Amino acid sequence: MTNPNENSKMASVAIYPGSFDPITYGHIDLIERATKLFDQVIVAVAHNKNKLSCFNIEERLQLCQQVLRPLQQVKVEICSQLTVEFAQQRQANILLRGVRVSTDFDFEFQLAGMNRQLMPEIETLFLVPSEKYCYLSSSLIKEIAATGKDVSQFVPNAVSQALHKKFSP
Ligand code: ADP
């Protein structure tokens, strides 16, 4: 596939914001797809005051960094501000989000609309993961891990170990 920005001087940068609490193979599938479309993908690990997180922001950052290290085009950063402001500061005009099932759509549509209202020059782009990851979510993984069950088919080793540690008595 050819990159439409190939001949322009500016590197194409996309931001992939999320809670990543924790990062799963579904997120990684999306990130790998994005590296084929953009020169650089910045994974923005967000503080989310509306969600009670299992891993704190530093833990989420470290897990993302650890599992994404082999992907040279990918950078991981903490995002403590509005996503559109974070994107603007990094000269990125694309926000990536994932859509797995139709129930994701309402929330994602609202978020994309609000972000466009705040900064019209930034586009939201939706990517669809491989079918085998469409049912995967960080919340479900945490629920399963909390029961002591193995989740290594859904998340990288570093993450399943961190979950195991988090939920062991
Ligand atoms: P947020 O709290 O911002 O929704 P998440 O880490 O749950 O953070 O999700 C970040 C983005 O990744 C969202 O757009 C979500 O739809 C997408 N996502 C989450 N899980 C998957 C998956 N299994 N496959 C593809 N996209 C996913």
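Predicted model: local features only at pLDDT ≥ 70, side-chain atom pairs only at ≥ 80, totals over all residues.
Let's start with the ligand. Arg97 has an N or O atom in its side chain 3.1 Å from an oxygen atom of the ligand, so that pair falls within the 3.5 Å limit. Glu108 also reaches the ligand, with a polar side-chain atom 3.2 Å from an oxygen atom there. With Gly98 the backbone takes part: one of its N or O atoms lies 2.7 Å from a ligand oxygen. And how much of the ligand does the protein bury? Taken alone, the ligand exposes 540 Å², and the protein buries 91% of that.

Now, who stands around the ligand? There are 17 residues in the shell, and the closest are Tyr16, Ser19, Lys51, Gly98 and Leu136. Sorted by class, the shell has 7 nonpolar, 6 polar and 4 charged residues.

Let me widen the view to the pocket. The ligand takes up the space of the largest pocket. The elements giving two or more residues to the ligand shell are strand E1, at 13–18, helix H1, at 25–35, and strand E4, at 94–98. The largest pocket itself holds about 1200 Å³ of space. It is lined by 41 residues, and the closest to its centre are Gly18, Ser19, Asn48, Lys51 and Arg97.

H4 gives the most, with 7 residues. By class, the lining of the largest pocket counts 15 nonpolar, 17 polar and 9 charged residues.

One last stop, please: the loop between E1 and H1. Phe20 lies in this loop, and its phi is near 50 degrees, a positive value in a residue other than glycine. Pro22 is found in the loop between E1 and H1 as well, and the peptide bond from Asp21 to Pro22 is cis, with omega near 0 degrees. Why point these out? Most residues other than glycine have a negative phi, and most peptide bonds are trans.

Conventions
Residues numbered from 1 in each chain as written. Heavy atoms only, no water. Near = heavy atom within 4 Å. Polar contact = N/O pair within 3.5 Å; in protein donor to acceptor, adjacent residues only side chain to side chain. Areas by Shrake-Rupley, 256 points an atom, 1.4 Å probe, with all protein chains shown as cover. 1 Å grid on protein atoms, 1.4 Å probe; cavity = no way out; pocket = protein on both sides within 12 Å on 5 of 7 lines; lining within 4 Å. Sits in = over half its atoms within 2 Å of the grid points. Helix = DSSP H or I, 4+ residues; strand = E, 2+ residues; numbered from the N terminus. Nonpolar A, V, L, I, M, F, W, Y, C, P; charged D, E, K, R; others polar. Points joined across faces, edges and corners; volume = space filled by probe spheres on them.
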